[in-house]
Amino acid sequence: MKHLKEEFDRLTFKEAVMYGLTIACFVAATVAIFLSMFIEPRGEIHASVLTYFGISMTFCGSVLGISTHYSSELTKFKAEITGLMANQSMTETA
């Protein structure tokens with residue numbers, strides 16, 4: 001649990017807003033699904049609510065997926081630059 005707290009402490013403001021928006025969107029879509037069960041006609045979920053739920057889940061997935069993709073790309077880029085700098089310093093000393 002301590003590791004998880006350290007990860008949350010390292011989030012930038014942009015990441016915190018992005019993850020907060022994703023969680024809020026997920027909660028709102030889930031609440032809409034459950035509330036639609038109690039609105040007339042009871043027990044039937046209208047197609048518009050299902051569409052809203054699907055679009056919300058697509059949004060959540062895209063926000064989380066894009067951040068994960070670019071995080072891994074940034075890590076690869078840093079490793080490549082570090083490798084190039086190490087090779088350059090070795091050739092300069094030789």
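The chain has 0 disulfides, a disulfide being a pair of cysteine sulfur atoms within 2.5 Å. The sulfur atoms of Cys25 and Cys60 lie 4.1 Å apart, which is too far for a bond. For Cys60, the closest cysteine sulfur is the one in Cys25. Both residues count as buried, Cys25 with a relative accessible area of 16% and Cys60 with 6%. Buried means under 20% relative accessible area, exposed means over 50%, and partly exposed is in between (1.4 Å probe, protein chains only).

The model is predicted, so local features need pLDDT of at least 70 and side-chain atom pairs count only at pLDDT 80 or more, while totals for chains, interfaces and linings use all residues. Residues are numbered from 1 along each chain as its sequence is written, and side-chain values use heavy atoms, with hydrogens and water left out.

**Overall form**

The chain holds 3 helices and 0 strands, in the order α-α-α from the N terminus. Helices (H or I, at least four residues) and strands (E, at least two) are DSSP runs, numbered from the N terminus. The radius of gyration of the chain is 22 Å, whereas a compact globule of 94 residues would have one near 12 Å. That radius is taken over C-alpha atoms, and the globule rule is 2.2 Å times the number of residues to the power 0.38. Along the principal axes, the C-alpha atoms fill a box of roughly 80 × 30 × 20 Å.

Of the 94 residues, 11% count as buried. The accessible surface comes to about 7700 Å², and carbon and sulfur atoms account for 71% of this surface. These areas come from the Shrake-Rupley method with a 1.4 Å probe; for residues, only the protein chains shown count as cover. Among contacts between residues at least 6 apart in sequence, 55% join residues at least 24 apart. Contact here means heavy atoms within 4.5 Å.

The side chains include 7 positive and 9 negative ones, and the centres of the two sets lie 5 Å apart. Lys and Arg count as positive, Asp and Glu as negative, and His and the chain ends are not counted. Each charge is placed at NZ of Lys, CZ of Arg, CG of Asp or CD of Glu.

Ser36 belongs to helix α2, which covers residues 13–36. Ser36 is buried, at 8% relative accessible area. Apart from neighbours within four places in sequence, Ser36 is in contact with Glu44, Ile45 and Val49. Pro41 is in the loop between α2 and α3, the latter being residues 47–93. The peptide bond joining Glu40 and Pro41 is cis, with omega about -10 degrees.

Val63 lies in helix α3 and is buried, with a relative accessible area of 13%. Leaving aside neighbours within four places in sequence, Val63 is in contact with Met18 and Thr22. Met18 is in helix α2 and counts as partly exposed, at 22% relative accessibility. Two C-alpha separations are set out below.

| Residue pair | Separation along the chain | C-alpha distance |
|---|---|---|
| Val63 and Leu21 | 42 residues | 9.2 Å |
| Met18 and Val31 | 13 residues | 20 Å |
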